[in-house]
Amino acid sequence: MHITRLSDALGAEVTGVDVSDIDDAEFAEIHAAFLDYQLLVFRDQTLDPEPHIEFSERFGPIETRPDRPFTLPGYPEVSVLSNRIVDGEPVGVISAGDFWHTDLSFGEIPCRATFLHALEVAEEGGDTEWSNIYTAYDTLSDDMKERIADLRCIHVFDRRRNRRAQVDKQFADKADEVYGVPVQDAVHPMVRHHPETGRKSLYISPRFVVGIEGMDDDEAQPLLDELFAHQIRPEFRYRHRWRQGDLLMWDNPCLIHIGRGNIKPPGIRHMHRTMVLGDRPH
Ligand SMILES: O=C(O)CCC(=O)C(=O)O
């Protein structure tokens with residue numbers, strides 16, 4: 001197995017391994033690299049749904065929400081992200097992740113790791129970008145660190161309640177069905193401790209955070225705007241150009257990410273995704 005850093009900000013490429021056939025020593029090496037680099041890019045993976053699920057489950061239980069749209073038939077653990085249209089109907093979520101976010105932060109127990117496998121990639125477009133929110137926290141001024149130390153943020157699933165996120169075009173005529181699902185808001189610390197490394201991250205994102213507990217919006221919204229801008233400074237980021245067979249896994253407590261979309265027709269980008277749950281943020 002070869003592990004090579006991808007950027008100064010985050011990420012490493014892993015070659016010479018088939019994730020559907022790893023022993024305990026290889027798993028330990030992957031796990032250690034995951035903690036060191038936050039995002040791992042496994043090249044050339046041929047992965048059916050079962051081994052994709054099995055590899056994911058080595059890191060925790062997979063989230064399965066009964067009302068999640070576009071899961072793979074027979075595999076509620078696997079979501080389909082795709083711009084393919086068959087008989088006029090999309091076969092997957094067309095633009096998942098179109099605002100900076102960390103996965104499932106609207107849940108009481110958010111996502112620890114996401115696993116996204118590229119079965120087909122488009123010639124142009126469809127990149128994904130990550131930003132390191134460990135570094136975002138570390139580079140705040142001491143005054144700001146002190147100001148936010150005990151703040152807790154309100155994370156909301158329903159895009160209609162977030163002025164920074166628009167309703168997804170694909171679901172515009174089904175907004176009640178897709179966003180009106182009974183998901184309770186979650187309140188999480190703005191400064192989160194990573195469950196394994198213990199490092200602090202700036203655990204907010206414009207897609208899900210709409211306010212700060214106990215703080216008037218007159219004060220909270222400008223503070224959030226300032227921190228959202230800081231989180232995505234170019235030097236904290238890595239942008240991935242996908243290759244067919246790539247399996248990417250990323251560590252949600254310390255990264256935010258965004259799908260850049262803009263797939264040039266007639267390109268098809270077709271992906272399978274699993275999400276593993278982690279700890280209650282503290
Ligand atoms: O498809 C992408 O590029 C990003 C997907 C994403 O943001 C997600 O699955 O959470």
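**Strand pairing and ligand surroundings in the predicted model**

Thr4 stands opposite Glu13 in strand β2, where strands are DSSP runs (E, at least two residues, numbered from the N terminus). The model is predicted, with local features requiring pLDDT of at least 70 and side-chain atom pairs counted only at pLDDT 80 or more, whereas totals for chains, interfaces and linings use all residues. Residues are numbered from 1 along each chain as its sequence is written, and side-chain values use heavy atoms, with hydrogens and water left out. Strand β1 (residues 2-5) runs antiparallel to strand β2 (residues 12-15), to which four bridges join it; two strands are taken to pair if DSSP finds at least two bridges between them. Six residues lie between the strands of this hairpin, in which Gly11 adopts a positive phi near 90°.

In one, three strands are arranged antiparallel in the order β15-β9-β17. Because β15 (237-240) and β17 (255-259) stand at the edges with a single partner strand each, one side of each is left without a neighbour in the sheet. The twist from one strand to the next averages 20°, with axes being lines fitted to C-alpha atoms and angles running from 0 to 180 degrees between N-to-C directions. Four bridges connect β9 (residues 128-132) with β15 in the antiparallel sense, and Glu129 is placed opposite Arg239 of β15.

The other open sheet has the strand order β11-β10-β14, again with antiparallel pairing. Its edges are formed by β11 (186-189) and β14 (209-212), each of which has a single partner strand, so that one side of each is left without a neighbour in the sheet. Neighbouring strands are turned by 35° against each other on average, direction ignored. Strand β10 (residues 152-155) pairs with β14 over three antiparallel bridges, and Gly211 of β14 is the bridge partner of Ile154.

Polar contacts are pairs of N or O atoms within 3.5 Å. An oxygen atom of the ligand lies 3.0 Å from a side-chain N or O atom of His101, and for Asp103 the corresponding distance to a ligand oxygen atom is 2.8 Å. A polar side-chain atom of Arg273 is 2.7 Å from an oxygen atom of the ligand. Of the 290 Å² of accessible area that the ligand has on its own, the protein covers 97%, as computed by the Shrake-Rupley method with a 1.4 Å probe.

Conventions: Polar contact = N/O pair within 3.5 Å; in protein donor to acceptor, adjacent residues only side chain to side chain.
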